[in-house]
Amino acid sequence: MQPEPTAELRHCTVEAPAGRLHLVEQGTGALVLLVHGFPESWYSWRHQLPALAAAGYRAVAIDVRGYGRSSKPAATEAYRMLDLVEDNVAVVRALGEDSAVVVGHDWGSNIAATSALLHPEVFRAVGLLSVPYAPPGGPRPTDIFDQIGGAEQEFYVSYFQKPGRAEAEIEPDVRGWLAGFYAALSADTMAAQGEPDPHFVARGGGRLRDRFPTRVLPAWLSEDDLDVYAGEFERTGLTGALNRYRNMDRDWEDLAPYRRAPIKQPSLFIGGALDASTTWMADAIDDFPTTLPGLSAAHLLDGCGHWIQQERPDEVNRLLTDWLGTLQG
C-alpha cells in the first residue's frame with residue numbers, strides 16, 4: 001500500500017436504505033469505515049482521514065442517517081439499529097468493496113459493533129472508541145434508565161425519549177447548546193468532582209444545559225469547528241439525531257436473538273479515562289475476554305474525556321494505524 005499524504009477529501013453521496021448517505025473519503029487501499037456519534041458528523045473524523053490515507057488506507061467517514069447531508073427519514077422507528085447496520089453494508093457495497101474495517105465513536109461504536117456482530121462477512125474487524133461493547137440482552141433499556149436518576153433527577157437518555165422535548169431546549173440556540181455539551185464531556189472543561197452531573201436534568205422542568213459549562217470551549221474545538229457542527233444542525237434540526245435514543249427498546253427486541261453474543265473478529269478499544277462511558281461501563285470492559293475474544297488491545301487514555309479522537313488525535317491515530325497494520329488483507 002502506498003501512502004497518500006497529500007490526497008484530498010472527496011465528498012459524495014451513495015444510495016442506501018436511508019435514501020442517500022453522504023460520505024467523505026481520503027486515500028486508497030483497504031477500506032476503513034468511520035462512524036460518528038451524537039451530536040456530531042463526518043467532521044468528527046477530520047484528524048483521522050488524512051492520517052489513515054497517509055498510512056495507505058481508503059478512509060471513509062459517513063454522515064449517519066438523520067445527520068448532515070444524509071437523508072433524514074421522518075418516522076422515529078426508521079432509526080433502529082438494524083437499519084443503521086444495513087446503511088453501513090450499503091456503503092461498503094456502493095464503494096465497490098467486499099469488506100471493510102469499521103470504526104465507531106460514541107453511538108457510532110454501538111453501530112460499528114452491531115455491524116460486525118450481524119455481518120461478519122462484511123466487517124472483518126471492528127474498532128470501538130469511547131463506548132465499550134456490551135452484548136445484547138438484559139432488562140429493557142428504558143426501564144434501566146428510568147431508575148438511574150432517582151426521585152430528583154432524570155437521566156439524559158430518558159430526557160431524550162419524548163419527541164420534541166429535547167428539541168425544544170436545543171434548537172432555539174443550537175450553537176450555544178453544542179458548545180456547552182462538548183465542553184461538559186471534555187477533559188479540560190468538564191465539571192469538577194462533586195459538581196452537578198451534566199448527564200442528568202432536574203425533574204420538574206430542568207434542562208441539560210443548566211449544568212453545562214458556559215462561555216468556554218475545550219482546547220480541541222475552535223470557533224470554526226463549532227461553526228461546522230452548528231451549521232449542520234441548524235439546517236437539519238436535532239430530531240434525526242435524537243431518534244437514535246428513541247429506538248433503544250426496539251433495538252432490544254430486534255437483537256434478542258443475539259443475546260450475550262460475542263464479536264469474534266479482530267477488535268480494538270480506545271477510551272478516555274475521564275469519560276463517563278468508560279467508568280459507568282467498567283464491567284463491560286472487564287468482560288472483554290468473553291465478549292471480544294479477538295481483542296488486540298484495550299487502551300484507556302489518561303486525562304482524556306469523551307471526544308477521544310478529537311481530544312487526542314495523534315495518539316488515537318497511532319493506535320488505529322498500528323492496529324490496522326496487524327490485520328490481514
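**Exercise 1.** In which crossing, left-handed or right-handed, does H7 pass H8?

*Solution.* This is a predicted model, in which local features need pLDDT of at least 70 and side-chain atom pairs count only at pLDDT 80 or more, while totals for chains, interfaces and linings use all residues. Residues are numbered from 1 along each chain as its sequence is written, and side-chain values use heavy atoms, with hydrogens and water left out. Begin with the elements: helix H7 covers residues 174–184 and helix H8 residues 223–236, and they pack at an angle of about 125° with their axes 9 Å apart (axes are lines fitted to C-alpha atoms, over the stretch in contact for helices, and angles run from 0 to 180 degrees between N-to-C directions). H7 is therefore oblique to H8, since angles under 35 degrees count as roughly parallel, over 145 as roughly antiparallel, 65 to 115 as roughly perpendicular and the rest as oblique. The crossing of H7 past H8 is right-handed, a term for the near helix being turned clockwise from the far one by less than a right angle.

**Exercise 2.** Which residues make the contact between H7 and H8?

*Solution.* On H7, the contact (heavy atoms within 4.5 Å) is made by Val174, Arg175, Leu178, Ala179 and Tyr182, and on H8 by Glu223, Leu226, Asp227, Tyr229, Ala230, Phe233 and Glu234.

**Exercise 3.** How many bridges join strand S1 to strand S2?

*Solution.* S1 (residues 10–16) and S2 (residues 19–26) run antiparallel and are joined by 7 bridges, where pairing requires at least two bridges found by DSSP. Thr13 stands opposite His22 in S2, and a hairpin of 2 residues links S1 to S2.

Methods. Helix = DSSP H or I, 4+ residues; strand = E, 2+ residues; numbered from the N terminus.
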